[in-house]
Amino acid sequence: MANNIQAIRGMHDVLPHQTPLWQSTEQTLREVLGAYGYSEIRLPIVEKTELFKRSIGEVTDIVEKEMYTFEDRNGDSLTLRPEGTAGCLRACLEHGLLHNQTHRLWYYGPMYRHERPQKGRYRQFIQLGVETYGMAGPDIDAELILLMDRLWKRLGIRNKVSLQLNSLGTIDERLVYRKSLVEYFELHLEQLDEDSLRRLKTNPLRILDTKNPAMRDVVANAPELMAFLGTESLEHFHAITAVLDDLAIDYTINTRLVRGLDYYSKTVFEWVTTELGSQGTVCAGGRYDTLIEQLGGKPNHAVGFAMGMERLLALLETVTDTSTANNIDVYMVRTGAVAEQEGLRFSETLRNEMPRLKLQVNCGGGSFKSQFKKADKSGAKYAIILGDDEVARGEVAIKSLRDEQAQQNMSQQAALEFLQTKLSGSTI
């Protein structure tokens with residue numbers, strides 16, 4: 001017998017017992033984003049490879065090592081999107097959405113990177129992205145942080161995450177800082193690991209983000225970017241912290257918080273947790289005004305964030321009881337040919353009258369005992385029992401599956417009213 005075909009490494013299934021938490025989290029995301037006036041945009045999974053080379057940069061790990069790139073039948077180079085910002089901005093430029101307009105947008109869906117799979121990091125991962133365009137002031141930066149703060153509270157994990165902030169200043173300010181940083185690290189080459197020696201020539205700011213504990217001291221003593229910022233950049237940053245202070249939102253200024261892409265400027269922020277081991281960043285964002293020109297648009301303003309859903313779900317699982325999330329309300333047991341037909345008719349009547357009712361009808365036959373085992377295993381609160389004798393009397397039996405209440409026989413109308421009363425909190 002041939003071996004079973006398995007899923008591609010790093011591309012995982014979400015099984016039925018896992019989907020309720022996904023669904024409830026997705027619903028909360030939509031509600032919070034809607035409360036702030038953000039609109040959904042739906043984007044292609046496949047884009048021209050050139051889009052990511054221009055936005056991310058050809059000499060980056062993502063483009064050189066991690067992208068899923070292929071030629072289509074026309075010979076065009078296409079790529080499964082490794083992130084969403086470039087595609088969202090491409091769509092806005094293509095459809096003329098940035099001309100004298102402001103936009104608050106969000107998107108949701110799979111992204112693809114060929115990297116080593118580990119807990120919370122996959123080759124196909126689901127990402128929420130939020131992008132805003134046309135707003136230069138620090139108020140929109142602050143709004144994104146307030147939105148996330150509200151989301152954490154709605155999800156019940158505000159005490160599990162903490163906010164880190166920094167400012168990268170302007171490109172000119174960063175160039176001066178970069179020169180000072182390179183000069184400092186060149187005096188300490190013996191303390192740099194192989195990865196940092198490579199970054200010294202390509203992207204020295206990323207050395208500050210190293211996870212190597214042996215480099216902790218040399219990084220701690222490096223010059224700080226904040227000391228190189230001009231008045232405008234500092235005022236922008238302090239305006240954000242003033243909002244957070246006014247609303248009593250805790251944060252830490254992390255002067256080592258950087259980005260690997262040059263198009264970021266001014267604000268950068270991350271929400272981090274200590275609950276997920278090395279995968280501590282739950283959400284990351286920042287301002288990226290210069291990317292618009294990089295992709296052919298006129299000078300404009302942009303700030304946003306992205307959040308990996310698998311990592312968020314892993315964090316939610318530490319505080320959420322998912323054992324009953326997929327339970328149904330009522331399980332219908334049917335015995336006898338007449339009862340089987342009448343049961344389907346009555347089940348549709350119940351669904352018509354109670355649109356949110358979770359009702360599962362036993363299908364495929366089985367003894368009365370085996371059907372009751374299925375009813376109990378389903379997690380249902382009540383069982384409806386319908387046999388040929390009940391049909392002849394115009395009745396059904398209702399049995400509570402979660403307590404010791406006696407089974408009750410009643411008319412179908414009375415059964416409907418009984419369920420409407422007992423399940424009113426969740427199904428009507």
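The model is predicted. Its secondary structure consists of 16 helices and 16 strands. The radius of gyration is 28 Å, well over the 22 Å that the globule rule gives for 428 residues, so the protein is more spread out than a compact globule. Along the principal axes, the C-alpha atoms fill a box of roughly 90 × 60 × 50 Å.

Among the 428 residues, 48% count as buried. The accessible surface amounts to about 21,900 Å², and carbon and sulfur atoms contribute 48% of that area. Of the contacts with a separation of 6 or more, 70% join residues 24 or more positions apart. As for charge, the protein carries 50 positive and 58 negative side chains, and the centres of these two sets lie 4 Å apart.

Most residues other than glycine have a negative phi. Asn100 has a positive value, near 50°, and Lys266 likewise has a positive phi, near 55°. Asn100 is placed in the loop between α4 (85-94) and β5 (103-112), whereas Lys266 belongs to strand β9 (residues 265-272).

The table sets out the surroundings of these residues.

| Residue | Phi | Relative accessible area |
|---|---|---|
| Asn100 | Asn100: near 50° | Asn100: 72%, exposed |
| Lys266 | Lys266: near 55° | Lys266: 12%, buried |

Asn100 is exposed, because its value of 72% is over 50%.

Methods: Residues numbered from 1 in each chain as written. Predicted model: local features only at pLDDT ≥ 70, side-chain atom pairs only at ≥ 80, totals over all residues. Heavy atoms only, no water. Helix = DSSP H or I, 4+ residues; strand = E, 2+ residues; numbered from the N terminus. Rg over C-alpha atoms; globule rule 2.2 N^0.38 Å. Buried < 20%, exposed > 50% of the residue type's maximum accessible area, 1.4 Å probe, protein only. Contact = heavy atoms within 4.5 Å. Areas by Shrake-Rupley, 256 points an atom, 1.4 Å probe, with all protein chains shown as cover. Lys, Arg positive; Asp, Glu negative; His and termini not counted. Charge placed at Lys NZ, Arg CZ, Asp CG, Glu CD.
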